[in-house]
Amino acid sequence: MLVSHRRISRVSRLFGAALLVALPVAAACGSRTSPLNDDVPDSAAPAVACHADLDCAKFGDLCSPVICNPFGRCEDAPQVDCDDHDVCTTDSCDGKTGACAHLSRTPDNDKDGHHAPLPGHRPADSGACGDDCDDTNGAAFPGNSEICDGVDNDCNGVVDDGQRYVPLDPSIDAVRVSGEIAPADTGDLAWGTTGYLAGYTGEPSGKIHFYTSVLDAAGTKTVPEATLSKATADSVGGVVGWTGSEFGLSWSDRRDSWETYFVLVDEKGNKLGPDTLISDEDGEWSLNTSLVWTGFEWIVGWQDMRDIGPDFTLYARRVDAKGKPVAAAVALDDDQGENVALAVGLGSIGATWVHTEGKSHSIWFRSFDRNLKPLGPKLELTKLPNGGQNPTIVWNRDSYAIAWDDRDGALHAVYGALVGEKGELVVPTHALTESPKFSRYPSLRPLGDRFLLVWSDTKDGNLGYELYSKMLDQKLGPLDVERRITHAQGDSIGPATAFGPKGDVGIIFRDDRTKASHIYFTRLVCAAGPG
């Protein structure tokens, strides 16, 4: 490119003598090396990078703008500074507009204007970056009024302050959920914003499938029963969780071999994406899934034989909010383990499971960080001659509560213990039920200063198992009498519970009152006073 007299004259006027000193002395007449000669070819002229800003390679990025300086060189202009000096935001700049964005580091899944705290922080603590005590429910936030709805509305750490949950009038029968798919078995239950999503297994015509039903507050189906797995493949188990805006489900099926899958669904039970394989295709007999939502991502747990076959051991995997695996599956233990149950603590994930050796069954616990690295040693909660099966686990204020049933000891009760985030024993193992016969299949609901326990029992001269409930204090001591929930002849077993609307506790369970095993729904209702 030639450098014109016009351009040099303009630059000279701007910079005066300084430019002239910098220019080389003109050669003799006719020389082809003079920079003031319009006829100098491109190869001999000094390089010029730009005539205007748009000639610069980075032109158009308004966050990191460039200019063409008077020397014809591209240079950086002052960048847009989007740092708002708030540790709770992630700051960014839009290169097309130059506008700053300040996104919260924590989510507001339930869209109530309050964000969840960072893992390891209590709501509203310094550095928590959020004050929402329950980001899955829009009725829970600081300053709200407390009502009886199974929610810590005012975020004072207590759910339904001073209330208890009692069975419906015995004249109100349970509602059958499972249609014509007997025999059926309990899976899981969760409440969204408009209804429950129930998951369970059915075996029509000899084929096993994982089914879902959408239920209203009274247990009536509002969306027809459906199976989310492939119609040609057996599928079992099924656990359900809620983020504040959508449900997550995990189950096992053998479309290829027995593997663990995950999918997101809306409040009508419609899939929001494809089924995602969780067990890596490396598993063998991947079964008995567990599922929790941390506020940021899902944790899926299961058992399979990949490493210590023919025995099972335990695995877990992180899954992001869009249903995509975050990292590879992690072994939770290097020994035999089955029926893992998971819960989310303040900054940890608590896991409890069954270890089986011969005819002996024991209950173990271990805590992990959010990346599934162990935080402490594993802890055995049962001691011979007692044993344990069907463990359940919840987080309550500052410790994990674990409950299970004992079929090996002399007293066939439901037992429980409290354990800290690093595996320290807070309240030793003790019986939670008073049955002189058989107590089985416990389900716990945490309430901050107390617990609700639901289980199956053969007391009262029942013709089979019936469901019972009981309020426990913060140390798993009795607060209330044991109350019978179901009354139909036959076995009512395997309750799965979830807080519902207006103080209800929804319960699905397996029942054989019609001589075939079906899934039924009943509920507890909120009542004043602890007695």
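Gly238 is buried, because its relative accessibility is 4% and the cut-off for burial is under 20%. This glycine sits in strand E11, which covers residues 235-242. The model is a predicted one. What does Gly238 touch once its neighbours within four places in sequence are left aside? The contacts are Gly187, Asp188, Phe210, Ser250, Trp251 and Thr289. Look also at Tyr261. Gly238 and Tyr261 are 23 residues apart along the chain. Their C-alpha atoms are separated by 9.6 Å.

Now step back to the whole chain. It has 531 residues, and 50% of them count as buried. The chain holds 2 helices and 33 strands. Its accessible surface comes to about 23,600 Å². Carbon and sulfur atoms account for 53% of that surface. Contacts tell another part of the story. Take those between residues at least 6 apart in sequence. Of these, 45% join residues at least 24 apart.

Thr392 lies in strand E23, residues 389-396. Which residues does Thr392 touch, not counting those up to four places away in sequence? Among them are Ala341 and Thr352. Ala401, Ile402 and Ala403 also touch Thr392. So do Pro442, Ser443 and Leu444.

Next, follow the backbone to some details. The peptide bond from Ala182 to Pro183 is cis. Its omega is near -5°. Where is Pro183 found? Pro183 belongs to the loop between strand E6 (175-176) and strand E7 (184-191).

Two residues have a positive phi without being glycine. One is Asn288, with a phi of about 55°. Asn288 is found in strand E15, residues 287-293. Its relative accessible area is 36%, so Asn288 is partly exposed. The other is Lys502, whose phi is near 55°. Lys502 is in a loop, between strand E31 (492-499) and strand E32 (505-511). Is Lys502 buried or exposed? Lys502 is exposed, because its relative accessible area is 74%.

Charges come next. Side chains of opposite charge can pair when their charged atoms come close. How many salt bridges are there in this model? The count comes to 21.

Start with Arg255 and Asp275. Their side chains meet in a salt bridge, at 3.0 Å from N to O. Arg255 lies in the loop between strand E12 (247-253) and strand E13 (259-265). Asp275 lies in the loop between E13 and strand E14 (276-277). The pair therefore ties together parts that are 20 residues apart in sequence. Arg255 is partly exposed, with a relative accessible area of 21%. The pair also belongs to a network of salt bridges, which links Asp253, Arg255, Lys271 and Asp275.

Move on to Glu482 and Lys470. They form a salt bridge, with the closest N and O atoms 3.7 Å apart. This pair links distant parts of the chain, 12 residues apart. Glu482 is in the loop between strand E29 (466-473) and strand E30 (483-484). Lys470 is in strand E29. Are Glu482 and Lys470 buried or exposed? Both Glu482 and Lys470 are buried.

A further pair is Arg513 and Asp511. Their side chains meet in a salt bridge, at 2.9 Å from N to O. Arg513 has 18% relative accessibility, so Arg513 counts as buried. Asp511 counts as buried because its relative accessibility is 1%.

Which residues form a negative surface patch? The patch is made by Asp311, Asp334, Asp335 and Glu357. Consider Asp334 in this group. Asp334 lies in the loop between strand E18 (330-331) and strand E19 (338-344). Its relative accessible area is 67%, so Asp334 is exposed.

Technical notes. Residues are numbered from 1 along each chain as its sequence is written. This is a predicted model: local features need pLDDT of at least 70, side-chain atom pairs count only at pLDDT 80 or more; totals for chains, interfaces and linings use all residues. Side-chain values use heavy atoms; hydrogens and water are left out. Patches are made of residues with over 30% relative accessible area and no salt bridge: like charges are joined within 9 Å, nonpolar side chains (Val, Leu, Ile, Met, Phe, Trp, Tyr) within 5 Å. Accessible areas come from the Shrake-Rupley method with a 1.4 Å probe; for residues, only the protein chains shown count as cover. A salt bridge is a side-chain nitrogen of Lys or Arg within 4 Å of a carboxyl oxygen of Asp or Glu. Lys and Arg count as positive and Asp and Glu as negative; His and the chain ends are not counted. The place of a charge is taken as NZ of Lys, CZ of Arg, CG of Asp or CD of Glu. Helices (H or I, at least four residues) and strands (E, at least two) are DSSP runs, numbered from the N terminus. Buried means under 20% relative accessible area, exposed over 50%, partly exposed in between (1.4 Å probe, protein chains only). Contact means heavy atoms within 4.5 Å.
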